[in-house]
Amino acid sequence: MSHILIVDPVAPRCRVVLELLATVGWEPEAVATPWEALGVIKRKPLRLIVINGGSHSSAGLALSYLLRTCRDWAHIPVLQLGGDEDDAEAREALRAGVNFRIGYDTGFEDLLLRLALLMGNEPATRAILEASPASAFDEALTQVWQAQTDLLHHPHLLPGTLYAAREVLERLLSLRRDDASVEAAMALTRVPRGGPALRQWADRHLPCPPQTLDPAFERLMGRCFSPLSWTAEPRSSPTA
């Protein structure tokens, strides 16, 4: 099972989310404060942290910011659940290194789908994806992908935020339903699909050291579009 930590001081709301995640096969745990969350992070590997938005959001954002300053924890994705579509609140979440935000008005199916994308390739995730219509999957994939590339292109964030965004991109690539879905998300968010252009993009936007793509990540990107490859020049025709 994959561990998810929910950090929310409002007990009834926290209990609803906890029960929802447990029903699909994840292993959620809930705490009320960032201090309790740090205790959990130190004793078990976490796949995802869910913090609350709205009037009680400051503590969760502080936790996210702290994670992005610690090398051992910087890669853990953070989801903010709840809050307004207010520009100021969105900016604060961005500065704190939050990977994705979902409102409380999101339906359970949409919430689980986006959580599945953030969690990556595992049995519970696969079951959710297989039950999702193709249109819903494509929309959710593009939204989550766009959020990560917004983090990668932002000029004033902590280096640890880049590690977390890259972690989510790797999980999205491991989950692709088909190449067309990922191709659409990459095209909409202006991420090159492989070869020298992808390496140049990585030099600019992925954390250092190293500034170049490591072989494992580049192979993962390349598998999505093989036998196609991109260079800085116009794309050549696929080989047979």
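The exercises below, each with a worked solution, concern a predicted model.

**Exercise 1. Helix 5**

Solution. 
- Step 1. A residue is taken as buried under 20% relative accessible area.
- Step 2. The buried residues of helix 5 are Leu-111, Leu-112, Leu-113, Arg-114, Leu-115, Ala-116, Leu-117, Leu-118 and Met-119.
- Step 3. Gly-120 follows helix 5 and has a positive phi, near 90 degrees.

**Exercise 2. His-3**

Decide whether His-3 is buried or exposed, and identify the partner of its side chain in a polar contact.

Solution. 
- Step 1. His-3 belongs to strand 1, which runs over residues 3–7.
- Step 2. The relative accessibility of His-3 is 18%; the cut-off for buried is under 20%, so His-3 counts as buried.
- Step 3. Leaving out residues up to four places away in sequence, His-3 touches Glu-27, Lys-44, Pro-45, Leu-46, Arg-47 and Leu-48.
- Step 4. The side chain of Glu-27 makes a polar contact with the side chain of His-3, at 3.3 Å.

**Exercise 3. Ala-37**

Locate Ala-37 and list the residues it touches beyond four places in sequence.

Solution. 
- Step 1. Ala-37 is part of helix 2, residues 34–43.
- Step 2. Ala-37 has a relative accessible area of 0% and is therefore buried.
- Step 3. With residues up to four places away not counted, Ala-37 touches Leu-5, Val-7, Val-31 and Leu-63.
- Step 4. Gly-60 is 23 residues from Ala-37 along the chain, and their C-alpha atoms are separated by 9.7 Å.

**Exercise 4. The largest pocket**

Describe the largest pocket by its volume, its lining and the elements that contribute to it.

Solution. 
- Step 1. The volume of the largest pocket is about 270 Å³.
- Step 2. Eleven residues line the largest pocket, and Ala-90, Asn-99, Phe-100, Arg-101 and Ala-147 are the closest to its centre.
- Step 3. Helix 4 (87–95), strand 5 (100–102) and helix 7 (134–153) each give two or more residues to this lining.
- Step 4. By class, the lining residues are seven nonpolar, one polar and three charged.

Technical notes. Residues are numbered from 1 along each chain as its sequence is written. This is a predicted model: local features need pLDDT of at least 70, side-chain atom pairs count only at pLDDT 80 or more; totals for chains, interfaces and linings use all residues. Side-chain values use heavy atoms; hydrogens and water are left out. On a 1 Å grid over the protein atoms alone, a cavity is a set of points where a 1.4 Å probe fits but cannot get out, and a pocket is an open set with protein on both sides within 12 Å along at least five of seven lines; lining residues have an atom within 4 Å of a point. Grid points are joined across faces, edges and corners, and a volume is the space filled by probe spheres set on the points. Ala, Val, Leu, Ile, Met, Phe, Trp, Tyr, Cys and Pro count as nonpolar, Asp, Glu, Lys and Arg as charged, and the others, Gly among them, as polar. Buried means under 20% relative accessible area, exposed over 50%, partly exposed in between (1.4 Å probe, protein chains only). Contact means heavy atoms within 4.5 Å. A polar contact is a pair of N or O atoms within 3.5 Å; within protein, one must be able to donate a hydrogen and the other to accept it, and residues adjacent in sequence count only if both atoms are side-chain atoms.
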